[in-house]
Each structure stands twice: as C-alpha cells, then as structure tokens.
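Please find below a colleague's note on the structure.

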Amino acid sequence: MRYNFLEIEKKWQNYWSKNQTFQAINNSSKPKYYVLDMFPYPSGAGLHVGHPLGYIASDIYARYKRHKGFNVLHPQGYDSFGLPAEQYAIQTGQHPAITTETNINRYREQLDRMGFSFDWSREVRTSKPEYYKWTQWIFLLLFDSYYDKKEDKSKSISDLVIQFEKDGNEFILAECDADTPLFTADNWNSFSANKKEQILLKYRLTYISETEVNWCEEMGTILANDEIVNGMSERGGYPVTKKKMKQWSMRIGAYAERLLQGLETIDWPDSLKEMQRNWIGKSTGALVKFKVKGHEDVIEVFTTRPDTLYGVTFMTLAPELDLVQKITSEQQKEAVNSYVTQTAQRSERDRMSDVKTISGVFTGAYAIHPLTDEEIPIWIGDYVLAGYGTGAVMAVPCGDQRDYDFATHFNISIKNIFSETDISKEAYTDKGAGVKLQDSDFLNGMEYSEAMKVVIKYLEETGSGKGTINYRLRDAIFSRQRYWGEPIPIYYKEGLPVPIPSDCLPLELPQVDNYLPTSDGAPPLGNANKWAWDIKKNQVVDNSLIDQVNIFPLELNTMPGWAGSSWYFNRYMDASNTAEFVSKEAVSYWKEVDLYLGGSEHATGHLLYSRFWQKFLFDLGFLPVEEYAKKLINQGMILGSSAFIYRKKGTQEYLSKGLIEGVEVEPIRVDVSLVNLSDELDCEAVKKWQSQFEKATFIYENGVYKVGREVEKMSKSKYNVVNPDQICDDFGADTLRMYEMFLGPIEQAKPWNTAGMSGVHSFLKKMWKLSHPENDFSLSDEAPSPESLKTLHQTIKKVTEDIENFSFNTCISAFMICVNELSSQKCNHKLIIEPLTVLLAPFAPHFSEEIWSLLGHDESIVYAEYPMYEEKYLIESTKNYPVSFNGKMRFTRELSLDLTAKEIEEIILSDEQTKKHLDGRQPKKIIVVPGKIINIVG
C-alpha cells in the first residue's frame with residue numbers, strides 16, 4: 001500500500017462532505033471556540049498559493065481545538081459584492097450575479113480540495129438578498145438613531161424628538177452637524193414636518209450631506225481613501241479627483257474615543273492597533289476663533305499649541321473649503337481658482353505625505369488676530385486638509401517646520417516667541433522644559449505646560465475660543481455610484497429621505513440593461529425601469545408612475561463594499577435565521593470571535609468600520625459584547641519568485657542568465673509555469689505563450705536556458721502566480737498545508753519555492769512507512785521502547801506548546817525530527833503511531849484520517865481526544881557520555897545516570913575502546929563529572 005495521496009484526499013473530502021463532519025451546533029454543553037478567517041472576494045482568477053496561508057493556520061487551530069474538546073465554529077463565506085464583477089458586466093453585459101456565482105464555484109472547489117474544516121452549512125454571501133436584507137436593516141437602525149454624548153451611546157431618534165418637544169436642543173449633548181441651529185421647544189413644535197426632518201438629519205447616525213469625495217470619472221463612482229494609490233484608482237489605475245457631491249455618510253466620528261479605548265481590551269497586533277490610533281488621530285488643544293476682515297465669517301482653527309498664538313504670522317486654509325471662494329479678493333480669484341483645480345487632482349494621502357513640495361496662493365483676505373487685533377494674511381495650501389480639524393491652520397513658523405518652510409518660501413514674516421532659541425535656519429519644535437515664551441504679552445516667561453492652561457482659560461473667558469479634543473477620524477462616506485452593491489432602503493418625498501418599512505426588506509437590486517451611469521450622470525440604478533416606491537402597497541413599482549400620488553423615487557446609490565463585511569461574523573452564529581439577524585440564544589452562546597485571521601491591509605477599513613457597527617449594535621442591545629474579535633493575527637504574505645529572461649538590447653536574442661554579464665540587456669518577466677524546478681525555461685512554450693516571442697532566439701548555456709529570479713509580491717501581472725491545484729496534483733493537499741506552515745512564522749512574509757515541496761512530501765512518505773514497514777499496513781501491539789516513548793512525548797509537548805503560540809513552522813520541524821528518530825529506532829508500535837497520528841491530524845488531515853481508519857476506528861479522527869504528554873517519559877535515565885583522552889573525544893558510551901563517579905570510572909576503564917586508546921599505559925588521572933563528561937589524562 002503506497003501513499004496514494006490523490007486517492008486518499010478525495011476519499012476523505014467526500015466523507016467530510018457527506019457526514020457534515022465540521023458542522024457546529026449552538027448551545028452545546030462543550031465550551032465554545034469561534035475561529036474565523038476574513039472571508040474572500042471571489043475573483044475570476046481563483047486562488048493562488050499565497051491565499052490559503054491564513055486559512056491553513058486557522059484550520060490547524062480549529063482542528064486542534066476540536067481535539068481538545070471544544071465546540072468549534074469555523075465558518076466560511078464570500079464578500080461577493082465588488083467592482084471586478086461590475087466592470088466585467090460593463091464590458092460584456094453579463095449580470096454580475098452570474099460572474100460571481102461562477103467565481104464562487106471555482107473558489108469552493110479549490111477550498112474543498114485543501115481539506116479545510118469549514119462549516120459550510122453556515123455559508124454567507126453578501127450579495128444574496130437573504131443576507132443583505134439584514135445589512136439594510138442595520139442601515140435603517142443607524143438612520144433611526146443618534147449619539148447621546150452624555151450617556152456615551154447611541155439611542156433611538158424618537159428619544160431625541162421627545163426632548164426637542166419638551167426643551168428644544170440648547171442643552172442637549174449629542175453628535176450633530178456643525179451648522180445645527182439652536183431652537184426652543186416652541187420653535188420645534190411650530191416647525192413643519194419637513195423642517196423637523198431636515199433638523200433630524202443633522203443628528204442621525206447615517207445622513208445625507210454635501211461632501212468632498214474622491215471621484216473617478218472612468219469608473220463613474222466615488223472611491224474610499226484606501227481604494228486609491230498614488231492618486232489613481234487601485235483597480236484599473238484611473239485618475240481620481242476631488243468633487244463635491246451629496247452623499248450618504250455615517251457618524252463613525254461619534255465613536256472615536258470608544259474605538260480608541262476598545263483597543264486596550266483586545267489582543268490584536270500592536271502595529272495594527274497603532275495604525276488605528278493614528279487613523280483616529282486624537283489631539284488635545286484649543287479651538288480658536290479668527291474674524292475675517294470685511295466679512296461676517298469667522299474662521300475656527302483647531303491647534304494643539306494655543307500657547308504659541310502670539311507667533312501666528314499667517315493662516316492657511318484647505319483649498320477646497322467653501323469659505324475660500326467667499327473671502328478671496330477679485331485680484332486673487334484667477335490664481336486661487338487655478339490652485340484649487342490643481343489641488344483637486346491630488347489625493348489626500350499624496351498631500352499628507354508630500355512634505356517636500358511647497359505650494360500655495362494668497363487669497364487677498366486677512367484674518368484678525370484674536371489677542372492682538374493684528375491683520376493676518378490668509379493663504380491656501382494643499383498641505384491643509386478640509387477633513388482634518390476645521391480645514392484651517394494658524395501658522396506659527398517659528399514653532400512648526402512646515403509653516404517655517406512655507407513662510408521662508410513665500411517671504412512671510414517669522415516672529416520668534418521662544419526665548420534663547422535660534423530660528424535662523426529652522427523652526428524650534430521642542431516642548432522641552434526650560435524654554436520660555438517671549439513677545440507673548442501675558443504669557444511671557446511661561447513654559448509650555450503653564451502657558452497652555454493660562455491661554456485656554458483666557459480664550460474661554462473672552463469668547464475667543466475653548467479647550468477641546470479633536471479627532472482626525474472623519475465620518476465615513478457610505479454611498480457608491482455603482483450597481484453591484486446593496487440597495488439603500490430609502491425613497492425620497494419632497495426631496496427628503498424616508499426609510500422603507502423594515503418588514504418590506506430586502507429591497508432587491510433591480511434589473512438594468514446598462515451597468516454604466518445614465519446619460520445625465522445618475523448612478524447605474526437610474527437605468528432601471530422599475531425603481532420607485534409605492535407607499536400604499538409598500539412595493540417597488542414602475543418609474544413611469546412617479547408623478548402619481550403615493551409613488552416616490554428610490555435611492556440610486558448603493559452601499560460600499562465594507563457594509564456587508566461589517567457584521568458578517570455575527571451572522572455566522574445563526575446563518576439560517578430568517579426572523580432575526582442573529583438570535584439572542586445564538587449570540588449569547590458564541591458571543592464573539594475567539595481567533596480572527598486576516599491581512600493588516602484592512603486596518604483602517606474593514607477592521608475599523610466593523611468595530612464601529614459592533615459598538616452601535618451593542619448600544620442598542622442587540623449584541624452582548626462591544627468588541628467582536630478577542631484575538632487577531634495578521635498573516636504575512638507569501639511572495640512569488642518571478643522568472644526573468646534577458647533580451648539583448650535592440651535584438652530578438654534572449655541570453656541565458658549566466659551569459660548576461662557585461663551585456664546590455666532588458667529583463668522581461670515570463671510565466672513561472674514555463675520554468676521547471678531547476679530554473680530551466682521551456683523555450684518552445686514561451687514562443688507559443690505570447691506573440692512577441694514567436695521569432696525569439698534563445699542563447700543557451702550548457703545546453704539549457706536558465707532564467708533569473710526575483711522575489712516580489714505574487715500577482716497575475718508579474719506572471720509569478722502558482723496555482724494550488726497543480727501543487728495538490730503533484731504533491732497533495734497535506735503536503736501543501738504543511739509546506740506553507742513550514743515556510744516561516746505565520747506573521748512574516750516569505751518567498752515561495754516549489755522545489756521545497758519535496759522535503760515535506762518526503763516526510764509524509766516516511767511517516768507512512770512507519771505503519772507500512774513492508775508496504776502493507778502493520779503495527780506492533782508490543783510495548784514500545786523507552787526511546788520511542790521519549791521521542792513521542794517530547795514531540796507532543798513541543799507541538800502542543802507551539803500550536804498554542806501559533807508557531808506552526810516549528811511544529812513541522814518537530815514532526816520531522818520525531819519521524820526521523822522513530823525511523824532510526826525502527827519503531828512501528830501502535831502505542832506510538834496512534835497518538836502521533838492524532839497530533840498530526842490538524843496539519844495533515846487526509847493522511848491522518850487514513851491511518852486512523854487503518855488503525856480500526858470507524859469514526860473520523862476529527863473529534864479524537866488530543867494526546868497528553870507525560871513528564872515521566874521525558875526524564876533522562878541515561879546519558880550518552882563523550883569519553884575524551886587528553887581533552888580529545890574518542891568515543892561515546894551510554895551509561896545510567898544513577899551511577900556514581902567511581903562506578904563510571906570502573907566501567908570506562910574496563911571498556912575495550914579505552915584499553916585500545918591507552919595501549920597498555922596507566923592513566924595519570926581520570927576526571928568524571930556525573931551527567932556531563934569523562935576525560936582520561938595519560
């Protein structure tokens with residue numbers, strides 16, 4: 001019986017599917033453990049060997065926990081709304097649902113082949129109406145809620161209305177728009193229904209406002225900051241500009257402090273938590289008011305250094321602020337408008353990271369200094385962002401290097417307010433003790449900490465400002481001008497948004513003939529013929545009826561990609577529930593994810609938005625915990641080994657790697673599938689691969705063409721993708737699983753090398769041979785030797801500790817050492833092989849199931865009890881002593897550790913090897929250290 005991995009793996013995959021082996025149950029008497037991977041977007045390319053890394057790690061741990069007696073929930077699904085399917089629909093006319101279904105089927109086939117222990121009975125797809133019904137339901141909850149700052153939680157908007165009716169809003173502490181007017185109870189009660197709704201929109205957690213967005217003309221949609229790279233769309237590489245549009249937004253900023261504090265309660269990577277802290281960007285300082293000369297407008301500036309107010313010599317505004325157009329003088333309008341247009345071409349990330357370029361334009365307007373009444377010139381500059389603080393900076397060039405560079409570049413005055421400092425070449429940016437203020441009126445002689453308190457007190461007393469805390473985190477733009485996304489369950493009555501009744505959900509995507517925006521620029525849903533809401537029948541009706549009574553237009557925007565992924569982990573707990581998004585019973589049992597695996601690239605997207613939604617649903621009493629994932633591991637990336645051929649410049653000659661020294665060549669990538677494990681290129685296959693190589697001449701070295709190699713990100717565009725299907729065909733899924741873990745620590749990036757597969761595959765064949773000494777399954781029932789017991793229990797101890805520490809690479813090393821030792825011991829004892837098979841099962845599940853079955857077990861190994869190491873087998877009873885002559889080791893001798901030094905000496909002196917080395921001489925001295933050394937001096 002040879003190790004026929006293809007037959008074995010197919011057999012056990014069918015068994016698991018037929019028997020629903022991994023199906024978890026709610027409310028088990030066992031302790032629960034919830035293991036989750038960030039669910040994939042099903043792309044048309046399928047999986048490459050880099051994708052399963054995190055899935056393998058989580059699967060090992062899920063299987064391990066089952067062996068340890070836990071009721072394990074290990075589900076999988078698909079984040080199935082996305083731009084690629086929509087772009088394919090635009091190109092071909094094929095509905096995104098068809099493309100997505102095809103891609104999902106391909107993913108499922110690949111995932112099943114790798115032996116993952118997913119509970120597929122709980123599968124979710126964000127694009128299925130039965131799933132996005134609840135995404136829409138959460139949206140309506142957000143629309144119907146506001147954030148009470150006093151109680152520090154979200155509450156129903158109806159509670160706010162009751163307060164308005166009684167007391168107006170003067171004393172209400174709630175998150176709202178900056179331009180929310182004050183009104184009394186009498187005012188409120190006299191307002192029209194429309195007026196009331198306009199005011200409530202300023203409080204709702206999801207609301208419509210005119211917002212500056214990242215607009216991609218070619219894609220006809222807005223993009224989130226994390227969907228833009230170097231001013232271009234991440235997908236397609238199209239230009240992105242700034243544009244003001246009416247958009248749905250969510251008040252994630254209301255949760256800024258709780259999002260910060262919550263990081264202290266979860267076991268997530270420190271680097272990721274720091275990324276979230278920086279994104280949230282908490283700053284303590286003051287809000288200072290500057291009047292604008294000749295205008296009624298007041299510019300509010302947030303500053304972390306109000307103590308430096310007397311050093312202000314100019315102001316800089318974000319070019320995109322509406323105020324800029326209002327205050328710009330006629331003489332400066334052309335220059336300002338030109339600069340505003342130029343800035344709109346740059347992404348916020350570019351503007352924030354570009355510290356070298358100095359640019360700006362004077363508006364021709366002046367602000368009035370709140371302490372000195374001096375006129376301060378107002379400039380615009382792209383290093384100031386409208387979304388951070390108030391979009392205005394009070395520039396103190398003596399204390400800020402960027403302000404210093406700006407002032408120096410544009411010849412603006414610099415006033416030094418720090419005593420005994422030299423600012424002739426650079427700004428003084430330290431807050432260190434000992435430096436006192438000068439030329440600062442009542443702050444003269446004060447150091448930083450004292451001056452901060454005094455100036456804030458003065459600003460508050462004079463009405464010129466107040467102490468405050470600011471967060472960089474901005475409200476999240478929620479709407480997208482796309483077709484393939486969740487419809488927003490809103491219709492419009494007299495221009496104001498009205499929610500569709502929740503019992504009418506899901507509001508399903510309509511059929512359209514064109515997935516592009518309409519001719520008048522409306523989103524793709526504007527192409528639907530049937531996209532209006534009948535408020536009497538509570539159903540979607542034809543657009544032609546909109547002018548009739550009770551028929552109103554539906555929202556044309558759809559939700560962003562992160563909507564469905566912001567709560568899916570809760571749906572897995574109760575995936576088939578049609579009455580609730582998750583039942584109280586299910587969520588009370590599972591509570592939260594115990595182990596979550598996914599990439600750190602989601603730090604300021606999915607991992608932040610999902611924490612926001614979790615806290616919101618917790619506030620409303622739907623969930624029992626504020627944080628949904630106790631522990632998070634960011635798996636590293638498996639890098640590709642790209643293959644290069646070398647074209648001699650100006651010719652069609654391609655030189656082998658060893659021939660290029662001293663020759664001017666152009667490196668060109670080729671598909672790694674055209675290269676064998678010895679880096680030898682199939683030249684004829686390359687000629688057929690792409691037309692540019694049809695007439696190529698390949699110059700060999702030693703009869704072969706050798707490619708060059710470079711380690712870089714694995715991607716289709718670099719032709720370095722390795723298909724896991726091929727690896728499974730050649731080596732088996734268990735080999736693939738163990739090799740990916742063997743590559744290195746789970747958190748680190750590591751290069752792929754298919755040639756390395758053979759070592760892991762050899763290990764499995766060697767392990768197979770332990771139970772098939774003569775190619776037939778045969779195990780001894782006799783008691784194993786102490787050496788074999790020691791090897792087994794050392795391995796159990798090591799592997800168990802390493803699994804608990806998620807050090808899977810060292811587990812593989814321990815298995816290899818174990819099997820090598822057992823092979824040298826000629827061990828094939830059942831009492832060794834049986835527990836070792838359970839130990840190996842999380843890593844090589846198909847292999848282990850087969851051995852377990854051959855051992856006579858009728859049930860799957862999945863729930864077999866995990867082996868425990870026994871300390872008694874680890875205690876050393878003998879020592880393999882090195883025996884040295886005059887300090888040089890000549891041979892070794894295995895002796896009991898119970899022997900005394902005198903007994904050891906007698907045994908060694910009577911040993912034939914000792915007599916041979918002494919050659920009849922009497923030793924001068926014998927040094928024996930029990931348990932350590934034996935040295936004969938003679």
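**Nonpolar cores, helix packing and cysteines**

1. The largest nonpolar core has 104 residues, of which Ile645, Leu681, Met738, Trp752, Leu840 and Phe843 touch the most other members. Such a core is a set of buried Ala, Val, Leu, Ile, Met, Phe, Trp, Tyr and Cys residues joined through side-chain atoms within 4.5 Å. Helix H24 (residues 808–824) supplies the largest share of this core, 9 residues. Apart from it lies another core, of 71 residues, including Leu142, Trp268, Trp567 and Phe581.

2. This is a predicted model, in which local features need pLDDT of at least 70 and side-chain atom pairs count only at pLDDT 80 or more, while totals for chains, interfaces and linings use all residues. Residues are numbered from 1 along each chain as its sequence is written, and side-chain values use heavy atoms, with hydrogens and water left out.

3. Helices H10 (residues 270–280) and H18 (residues 606–619) pack with their axes 11 Å apart, at an angle of about 75°; H10 is therefore roughly perpendicular to H18 (65 to 115 degrees). Axes are lines fitted to C-alpha atoms over the stretch in contact, and angles run from 0 to 180 degrees between N-to-C directions. Helices are DSSP runs (H or I) of at least four residues, numbered from the N terminus.

4. Leu272, Gln276, Trp279 and Ile280 of H10 meet Leu607, Leu608 and Arg611 of H18 (contact: heavy atoms within 4.5 Å).

5. The structure holds 0 disulfides (cysteine sulfur atoms within 2.5 Å). Cysteine 728 is buried at 1% relative accessible area, whereas cysteine 176, at 31%, is partly exposed. Buried means under 20%, exposed over 50% and partly exposed in between (1.4 Å probe, protein chains only).

Definitions and conventions
Helices (H or I, at least four residues) and strands (E, at least two) are DSSP runs, numbered from the N terminus. Angles under 35 degrees count as roughly parallel, over 145 as roughly antiparallel, 65 to 115 as roughly perpendicular and the rest as oblique.
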